[in-house]
Amino acid sequence: MQANPTETNEYITHERFNPEHLDLKESPNIENIPANAAWVSTGFMVAEDDIVIIDADDDTKWTANRQMPSMYDANGSGNPSQPGYLLYPGIEGALIGKIGQFIFQVGLFVHVHVPKGVSGELLLSINDDTNTLKGNEFADNAGSIDVTITVYRLAP
């Protein structure tokens, strides 16, 4: 299994950029990611050196705990995640991604330069605890987030 690179930030940026030096590999597609399921399949197959752009619709909302007073966008609740969450450390309720064993925070926008040795299907999820003494924590989640995904290759 490929572990997360030690300097994950070198592969990820939350700043918007102009993809003029990239070749389109997979056209943009809108996917709906429900809060009550872990690791939702997107159908996007990516390989090392691909550039994956994920742009969440900030008008769509979800929550990792239906008991919370309000729903929030893909940036999450603002509370830190705890051990046992899909991404720790991270933000509770944030949109997160996974390619192979490489897990990263998405939030409202991210572009990821897929690290060497990493490939597979892009999966997305809300950052929550999968199993606790109370059971499956995804069962009390509500809402969904719409995301637009685009995959590029580096231009030769």
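Q: With which residues is Leu122 in contact, leaving aside its neighbours within four places in sequence?
A: In this predicted model, local features need pLDDT of at least 70 and side-chain atom pairs count only at pLDDT 80 or more, while totals for chains, interfaces and linings use all residues. Residues are numbered from 1 along each chain as its sequence is written, and side-chain values use heavy atoms, without hydrogens and water. Contact means heavy atoms within 4.5 Å. On that basis, the partners of Leu122 are Val40, Ser41, Thr42, Phe44, Val52, Ile54, Lys98, Ile99, Phe104 and Ile149.

Q: Which residues touch the most other members of the largest nonpolar core?
A: A nonpolar core joins buried Ala, Val, Leu, Ile, Met, Phe, Trp, Tyr and Cys residues through side-chain atoms within 4.5 Å; buried means under 20% relative accessible area, exposed over 50% and partly exposed in between (1.4 Å probe, protein chains only). The largest such core has 35 residues, and those touching the most other members are Ile54, Leu95, Phe104, Leu122, Leu124 and Val147.

Q: Is Pro115 buried or exposed?
A: Pro115 is placed in the loop between E8 and E9, strands being DSSP runs of at least two residues (helices, H or I, at least four), numbered from the N terminus. Its C-alpha atom is separated by 8.5 Å from that of Ala47, 68 residues apart along the chain. With a relative accessible area of 1%, Pro115 is buried.
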